[in-house]
Amino acid sequence: MAPTTKALYKQVFPVKSDLESAGKVSTEVRRILRSLGVEPEVVRRAGIVCFEGEMNIALYTKGGRIILIVRDDRVELLFSDRGPGIADIDLVKQPGYSTAPDWARELGFGAGMGIPNMEANSDRFVMYSRVGVGTVIRATIFRRCHETCGGNRAPGT
Amino acid sequence: MKLAEVIERLGLEVLVPGDLERRVRWGFCSDLLSDVLAHAQEGDLWITHQRHLNVVAVAKLKGVAGVVCVRGLHPSQEVLAKARKEGVTVLASAEDAFEVAGKLYGLLSP
């Protein structure tokens, strides 16, 4: 595992437990990443990871926050929420599994692809959860790894 | 094929004109946002029944050529304003998704 480099940029975004403002953080994160000159492919992947994570917080939790950290060699997105937590993480990582209520499904959510999409667009994806407490996710997207690792994995991972 | 030409050939109504000179790569038909995020490609024309605010965010994230709202469904003014701000082309058709997708396939398939 490469040593962590100094953070060039850090910002905390609160996320409310409703769909009204959902999507705002991912739009803002993409804007910030572009303005920092982050590679377009990294911005694209971070945008998808952030949007799915933001929707998960808005749809399924009591609210939480997203922290964006930009480093020389990577972009990190940290998601945390105030519960209810996930009992079986392996289950939610399975494509097609969803606990979305009908009203959310009618809006096109609940395809059971949110967490698989987050994982697929991250180079490292770590998820912890405790029922009754909440869930934290750290998604890492490496920059400039395209020449050496085909765009998906950092060297040595 | 350019988006402007697709609009003309399919008789689509332009609700928000974004970049109409863009090339349409292919079509993508889905109402599941995560499905679009996972499988649509940049430059696809996205055919859907969804018309809420997050559609604009997904369209922008994926860089689709435009969104086609089918079966006479129109997004709210709020959604159209957001699309205008984000430069996302929003189109509408009175026809259903099957007909729009079929015609688009006929136009774009080699």
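## Questions on a predicted two-chain model

Q: In this predicted model, which residue takes a positive phi near 90° in the hairpin of strand 4 of chain A and strand 5 of chain A?
A: The hairpin formed by strand 4 and strand 5 of chain A has three residues between the strands. The residue there that takes a positive phi, near 90°, is G132(A).

Q: Over how many bridges do strand 4 of chain A and strand 5 of chain A pair?
A: Strand 5 of chain A covers residues 134-142, and strand 4 of chain A pairs with it in the antiparallel sense. Within this pairing V126(A) stands opposite R138(A), while Y128(A) has V136(A) as its bridge partner. The number of bridges between the two strands is seven.

Q: Which strands are the edge strands of the sheet in chain A?
A: The sheet of chain A is open and antiparallel, with five strands in the order 1-2-3-5-4. An edge strand here pairs on one side only, and this applies to strand 1 (7-15) and strand 4 (124-130) of chain A. From one strand to the next the twist averages 10°. The edge strands are therefore, by their pairing on one side only, strand 1 and strand 4 of chain A.

Q: What angle does the direction of helix 2 of chain A make with that of strand 3 of chain A?
A: Helix 2 of chain A, residues 40-60, packs on the sheet and touches strand 1, strand 2 (64-71), strand 3 (74-81) and strand 5 of chain A. The angle between the direction of this helix and that of strand 3 of chain A is about 0°.

Q: Is P101(A) buried or exposed?
A: P101(A) sits in the loop between helix 3 (89-92) and helix 4 (102-106) of chain A. The C-alpha atom of P101(A) is separated by 9.5 Å from that of Y60(A), although the two residues are 41 residues apart along the chain. Because P101(A) has 12 C-beta neighbours inside 10 Å, and the cut-off is 12 or fewer, this residue counts as exposed.

Q: Why is one side of strand 1 and of strand 2 of chain B left without a neighbour in the sheet?
A: Chain B has an open sheet of five strands in the order 1-5-4-3-2, with mixed pairing. Strand 1 (13-16) and strand 2 (26-29) of chain B stand at its edges, so one side of each lacks a neighbour, the reason being that each has a single partner strand.

Q: In which sense do strand 2 of chain B and strand 3 of chain B pair?
A: Strand 3 of chain B spans residues 44-48, and F28(B) stands opposite W46(B) in that strand. The pairing of strand 2 with strand 3 of chain B runs over four bridges, and its sense is parallel.

Q: Which helix supplies the largest share of the side of chain B that touches chain A?
A: Across the interface, 13 residues of chain B are in contact with 15 residues of chain A. Helix 2 (33-39) and helix 3 (53-62) of chain B each supply at least two residues of the side of chain B that touches chain A. The residues of that side divide into seven nonpolar, four polar and two charged. The largest share, five residues, comes from helix 2 of chain B.

Q: What ipTM does the model score?
A: For chain B the mean pLDDT is 96, and 100% of its residues reach 70 or more. The model as a whole scores a pTM of 0.86 and an ipTM of 0.81.

Terms used: Residues numbered from 1 in each chain as written. Chains lettered and ligands numbered in written order. Predicted model: local features only at pLDDT ≥ 70, side-chain atom pairs only at ≥ 80, totals over all residues. Contact = placed C-beta atoms within 7 Å. Nonpolar A, V, L, I, M, F, W, Y, C, P; charged D, E, K, R; others polar. Axes fitted to C-alpha atoms, helices over the stretch in contact; angles between N-to-C directions. Buried ≥ 20, exposed ≤ 12 C-beta atoms within 10 Å, placed from the backbone. pLDDT = per-residue confidence, 0-100.
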